[in-house]
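Here's a quick briefing to read with the model open beside you.

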Amino acid sequence: MSVLALSLAFTAGIAAAQSGTVTPAIPQIGTPTPTPIPEDPRLSVCTGPTLSGFAPYIVRAGDRLADLLRGIPGVSVTQIASLNCIDNPEALPAGAVIWLPAQPALDAEPDSSDDDAEIMTFEASAETVQNQAAVDFSWEATGSAAYFYACPFNATEAACPRPFGVQALPVEYTITDIGGFIYPGDVRYRLEVIGEEETVTEDVTLAVTCSQPPLVPNEGQYPCPQDPAQSVFAAWQPFQGGIMMWFFDRDEIWVMLNEDNRLIILEDTYEEGAEELDDEAPENFFTPTRGFGQAWNRLGRAEGLLGWGLQDSIGFDSARQAAGPRSFTTYIQGPGESVYAITYIPQLDIGYWTQVAG
């Protein structure tokens with residue numbers, strides 16, 4: 001470099017320093033290293049999105065998994081909930097996408113004509129169906145394609161949009177064995193027919209009843225029981241702090257505490273002829289006897305969890321009915337019209353109860 005160039009560069013550096021202006025250093029920008037995304041362990045269990053023959057479905061407000069599986073054989077609500085990591089099958093998150101098995105293959109192809117849409121007939125094989133039975137739907141229409149689907153259980157008459165992923169059906173067709181009903185009450189189905197210039201719809205409503213009479217009065221808020229109630233003789237006594245029940249077929253006494261709705265199950269150790277307790281109850285109260293007396297003694301007597309009896313024990317014809325094939329909850333018939341829901345996990349010795357009727 002010439003002396004002149006060095007001089008000019010030196011002079012420019014002095015001028016910049018005197019003016020207070022500093023040329024910032026330009027950082028060297030390399031290729032950023034992406035942050036590794038940790039593997040999500042859920043996919044190893046919730047395999048619905050990866051299964052062959054499963055299709056995505058967008059959840060509508062009010063959808064229930066039991067309704068969505070009607071007409072799809074061989075799967076249960078519990079299985080599909082597990083495959084989709086669904087926290088609560090009874091409260092599907094609206095707007096979420098879940099994966100459901102595709103409908104069974106059709107034995108007819110949709111009509112490819114462009115006729116005007118018109119529904120001549122649309123009917124079910126029965127107006128009332130038991131939840132463990134099935135029903136057929138038939139229709140005759142004109143148009144290019146038909147779509148058949150269930151409406152959300154709480155939808156208004158107009159609020160029944162076609163679900164995402166429903167396949168087209170022929171305009172003259174019978175779809176068989178629609179079943180798998182879980183809840184009693186009205187269930188509405190819609191036929192939607194597409195024409196060249198318009199779309200028409202028609203609805204059919206079924207009345208679903210429980211195949212097995214439920215112990216708890218049911219207007220759609222409880223699933224229908226899978227098995228009939230089992231009759232059993234029982235004894236019952238109310239206390240200041242809860243209830244005791246004994247069942248003829250079990251060597252157990254169920255103590256249902258008012259405090260925190262806790263359930264305690266005690267072994268019935270009473271033997272015929274055993275000495276009774278001599279605690280004298282105050283007026284209008286009662287000292288429990290026999291097995292109830294021994295259980296009461298183990299719980300601290302009148303100063304314990306239950307207090308005094310409110311009346312003498314009574315024997316009556318009771319019944320038990322499981323809330324579901326895998327449920328920890330059992331419905332118990334109490335005296336009169338009363339029904340208790342008992343939830344007990346034996347391995348953890350955790351139990352709760354509540355009165356659901358009477």
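Asp260 sits in the loop between β12 (252-257) and β13 (263-267). Keep in mind that this is a predicted model. Asp260 is worth a look for its backbone: phi is positive there, about 60°, even though the residue is not a glycine. Elsewhere the model holds 3 disulfides, and there is an open sheet of 8 strands.

**Positive phi without glycine**

- Is Asp260 buried or exposed? Its relative accessibility is 55%, so Asp260 counts as exposed.
- Asn284 is another non-glycine residue with a positive phi, in this case about 70°.
- You'll find Asn284 in the loop between β13 and α4 (290-298).
- Asn284 has a relative accessible area of 63%, and because the cut-off for exposed is over 50%, Asn284 falls in the exposed class.

**Cys46 and Cys85**

- One of the disulfides joins Cys46 to Cys85, with an S to S distance of 1.6 Å in the model.
- This pair ties together distant parts of the chain, 39 residues apart. Cys46 lies in the loop between α1 (3-19) and β1 (54-58), while Cys85 lies in the loop between α3 (77-83) and β2 (97-101).
- Why is the disulfide of Cys46 and Cys85 called right-handed? The torsion about its S-S bond is about 70°, so that is the hand it gets.
- Cys46 has 9% relative accessibility and so counts as buried, whereas Cys85, at 34%, counts as partly exposed. The reasoning rests on the cut-offs: buried means under 20%, exposed means over 50%, and partly exposed is in between.

**Cys151 and Cys160**

- Another disulfide links Cys151 to Cys160, with S to S at 2.1 Å.
- The angle about the S-S bond is -95°, and the link of Cys151 and Cys160 is left-handed.
- Both ends are tucked away by the numbers: Cys151 counts as buried at 4% relative accessibility, and Cys160 counts as buried at 3%.

**Cys210 and Cys224**

- Cys210 and Cys224 also form a disulfide, and their sulfur atoms are 2.1 Å apart.
- Cys210 and Cys224 are 14 residues apart, and each is in the loop between β9 (199-209) and β10 (230-239).
- The torsion about the S-S bond of Cys210 and Cys224 is about -80°, so this disulfide is left-handed.
- Are these cysteines buried or exposed? Cys210 and Cys224 are both buried.

**How the cysteines pair up**

- Number the bonded cysteines in sequence order and the pairing reads 1-2, 3-4, 5-6.

**The open sheet**

- Which order do the 8 strands follow? Going across the sheet, you pass β13-β12-β11-β10-β14-β15-β16-β17, and the pairing is antiparallel.
- β13 and β17 (350-357) are the edge strands, each pairing on one side only.
- From one strand to the next, the twist averages 30°.
- Inside the sheet, β10 pairs with β11 (residues 242-247) in the antiparallel sense, over 6 bridges.

Key
Residues are numbered from 1 along each chain as its sequence is written. This is a predicted model: local features need pLDDT of at least 70, side-chain atom pairs count only at pLDDT 80 or more; totals for chains, interfaces and linings use all residues. Side-chain values use heavy atoms; hydrogens and water are left out. A disulfide is a pair of cysteine sulfur atoms within 2.5 Å. Helices (H or I, at least four residues) and strands (E, at least two) are DSSP runs, numbered from the N terminus. Buried means under 20% relative accessible area, exposed over 50%, partly exposed in between (1.4 Å probe, protein chains only). Two strands pair if DSSP finds at least two bridges between them. Axes are lines fitted to C-alpha atoms, for helices over the stretch in contact, and angles run from 0 to 180 degrees between N-to-C directions.
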